[in-house]
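Me: Hey, can you walk me through a structure? I'd like to start with the rings and then get to what's packed inside.

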Amino acid sequence: MLKLSAEPVLAKGNRQYVFAHPGDPALIVKVPQPGTFDDHGHIPNTNRIERRFRRATMYKGFLREFHEYLELKARVQQLGVQLPICEVHGTVPTDLGLGLVYERISDPDGNLPPTLRQMICEGRLASWHLTLLNTFFDTLIDNHVVISNKNISNIVFQTQGDGRGRFVWIDSFGCKQALPLRKCSSRINAYGLNRVRKVVVGRAEEALAQVDQVSIPAFSG
């Protein structure tokens with residue numbers, strides 16, 4: 001059993017705490033936050049139908065992400081190929097409850113990379129990031145990866161040895177549709193991903209445009 005109760009929290013989501021894996025620096029462990037689920041393992045306000053078909057809705061996001069990762073990994077098994085989403089490894093017992101084990105996306109110095117939201121808010125976004133961001137969405141489309149939302153906090157930029165890097169989707173991937181049309185059709189999924197791209201790249205372009213306006217000196221005649 002992993003002992004996490006004395007470890008610092010790396011990050012905090014809406015319903016999860018994220019810890020470094022005590023035995024493997026390449027992994028993180030997500031644990032559901034106390035008070036975010038009932039005695040039956042259900043998230044509050046879930047409907048009866050969902051509770052009937054899902055025995056523990058507190059883990060529905062993990063199951064969705066694991067299925068998406070497994071199906072992608074089954075299609076992309078070549079050594080050395082970096083996936084556009086983080087790897088999902090499984091579960092592990094901890095002193096805080098059942099832990100969910102994921103790949104830790106890290107910068108070369110071992111620190112967690114910034115999210116796209118952080119890069120925008122802190123003025124760390126450059127024009128060349130837009131090219132990599134569009135390449136990232138092209139990769140998601142080519143690999144038929146299903147993404148669940150437009151949250152730019154779920155995208156991180158991992159710096160690599162060349163001084164540049166790549167974008168990775170780290171949370172909330174997989175199909176949420178009751179009728180999984182995006183999962184079944186690459187064409188429908190590409191349409192959905194391009195809608196997400198429009199929002200995400202649009203946010204980045206707006207941020208860069210604001211920086212350009214501030215950097216242009218005012219003309220005084």
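Me: What sits over the ring of Tyr102?

Reply: This is a predicted model, by the way. The charged end of Lys30 sits over that ring, 4.0 Å from the centre of Tyr102's ring.

Me: Ok, and how many aromatic pairs are there?

Reply: The count is seven aromatic pairs. One of them is Trp128 with Phe157: their ring centres are 6.0 Å apart and the planes make an angle of 65°, which is over the 60 degrees needed, so the pair is edge-to-face.

Me: Where in the chain are Trp128 and Phe157?

Reply: In distant parts, 29 residues apart. Trp128 belongs to helix α4 (residues 127-142), while Phe157 is in strand β6 (residues 155-159).

Me: Is Phe157 buried or exposed? And what about Trp128?

Reply: Phe157 is buried, since its relative accessible area is 5% and the cut-off is under 20%. Trp128 has 29%, so it counts as partly exposed.

Me: Which residues do ring pairs link into a cluster?

Reply: Trp128, Phe136, Phe137, Phe157, Phe167 and Trp169.

Me: New topic, the inside. How many residues are in the largest nonpolar core?

Reply: That core has 42 residues, and Leu116, Leu133 and Trp169 are the ones with the most contacts inside it. Elements that give two or more residues to it include α2 (60-75), β5 (97-103), α4 and β7 (165-169).

Me: Which element gives the most?

Reply: α6, with seven residues. That helix covers residues 186-215.

Me: What does Leu133 touch?

Reply: Leaving aside residues up to four places away in sequence, Leu133 touches Leu116, Phe167, Val200, Val201 and Ala204.

Me: Which residues of α2 are buried?

Reply: Phe62, Arg64, Glu65, Glu68, Tyr69 and Leu72. Looking down the axis of α2, those buried residues fall within an arc of 165°, so they line one face of the helix.

Me: And what covers them?

Reply: The cover over the buried residues of α2 includes β4 (88-94) and β5.

Technical notes: Residues numbered from 1 in each chain as written. Predicted model: local features only at pLDDT ≥ 70, side-chain atom pairs only at ≥ 80, totals over all residues. Heavy atoms only, no water. Phe/Tyr/Trp six-rings, centres within 6.5 Å; stacked < 30°, edge-to-face > 60°. Helix = DSSP H or I, 4+ residues; strand = E, 2+ residues; numbered from the N terminus. Buried < 20%, exposed > 50% of the residue type's maximum accessible area, 1.4 Å probe, protein only. Lys NZ or Arg CZ within 6 Å of the ring centre and 35° of its normal. Core = buried A, V, L, I, M, F, W, Y, C linked by side-chain atoms within 4.5 Å. Contact = heavy atoms within 4.5 Å. Arc of directions from axis to C-beta.
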